[in-house]
Amino acid sequence: MALGDTDATAAFVRRFQPRVYGLALSVVADPCLAEEVTQDAFVRAWRHAATYDPDRGRVATWLLTITRNLAVDAIRLRRDLPVDPWRLPSPATHPDPSSRVERIQEELLALPASQSRPVVLSILYGLTAQEIAEREGIPLGTAKTRIRRGLARIRTALATSS
């Protein structure tokens with residue numbers, strides 16, 4: 001592929017397309033956006049094929065890392081885009097949204113501060129785990145764990161109360 005062989009490029013795409021698309025879809029949760037990420041990943045791999053070093057890892061790992069990075073970037077770009085009102089859920093699909101919001105607030109307040117602060121910084125302020133770790137003065141892994149555990153506790157509490 002690095003030498004411009006179109007047959008090699010086509011074989012490469014056929015071999016890895018399901019895995020690349022699957023990873024993109026699992027990150028972005030939007031089939032159309034996942035297709036764009038998949039295409040961008042293959043274009044980037046094609047452009048940088050000459051820089052691939054087999055001593056540093058398998059080609060699948062290299063390609064899936066490219067895909068993951070592009071998917072995360074795509075989510076970050078979409079984060080601040082306004083949503084069309086017609087795409088928002090109607091009140092009929094959520095009988096009493098205010099009670100659901102109140103319940104989430106209650107569960108958030110019930111969390112220890114060490115978990116609630118990272119969850120709020122992540123969800124409401126859109127900070128990454130790295131940014132939260134730096135802001136809170138904790139290791140990156142700790143920030144990720146606190147966010148994950150806090151969200152899991154809220155999710156579990158909401159599921160049991162429904």
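Colleague: How many aromatic pairs does the count come to?

Modeller: This is a predicted model, so local features need pLDDT of at least 70 and side-chain atom pairs pLDDT 80 or more, while totals for chains, interfaces and linings use all residues. Residues are numbered from 1 along each chain as its sequence is written, and side-chain values use heavy atoms, with hydrogens and water left out. Rings of Phe, Tyr and Trp (its six-membered ring) pair if their centres lie within 6.5 Å; planes under 30 degrees apart are stacked, over 60 edge-to-face and the rest tilted. By this rule, the number of aromatic pairs is three.

Colleague: Which kind of pair do F12 and F42 make?

Modeller: A pair of aromatic rings is described by the distance of the centres and the angle of the planes. For F12 and F42 the centres are 6.0 Å apart and the planes stand at 90°, so the pair is edge-to-face.

Colleague: Why does the pair of F12 and F42 tie together parts that are apart in sequence?

Modeller: Helices here are DSSP runs (H or I, at least four residues), numbered from the N terminus. F12 sits in helix 1 (residues 6-28) and F42 in helix 2 (residues 31-47). From C-alpha to C-alpha, F12 and F42 are 9.0 Å apart in space. The pair therefore ties together parts whose separation in sequence is 30 residues.

Colleague: Is F12 buried or exposed?

Modeller: Buried means under 20% relative accessible area, exposed over 50% and partly exposed in between (1.4 Å probe, protein chains only). F42, the ring partner of F12, is buried at 9%. F12 has a relative accessibility of 12%, so F12 counts as buried.

Colleague: What is the angle between the planes of Y52 and W62?

Modeller: Y52 is in the loop between helix 2 and helix 3 (59-79), and W62 is in helix 3, 10 residues apart. Y52 is partly exposed, with a relative accessible area of 24%. The two rings form a tilted pair, 5.3 Å centre to centre, and the angle between their planes is 50°.

Colleague: Which residues of helix 6 meet helix 5?

Modeller: Helix 5 (residues 113-123) and helix 6 (residues 129-136) pack with their axes 10 Å apart, at an angle of about 135°. Contact means heavy atoms within 4.5 Å. On the helix 5 side are R117, P118, L121 and S122, and in helix 6 they meet I132, R135 and E136.

Note on methods: Helix = DSSP H or I, 4+ residues; strand = E, 2+ residues; numbered from the N terminus. Axes fitted to C-alpha atoms, helices over the stretch in contact; angles between N-to-C directions.
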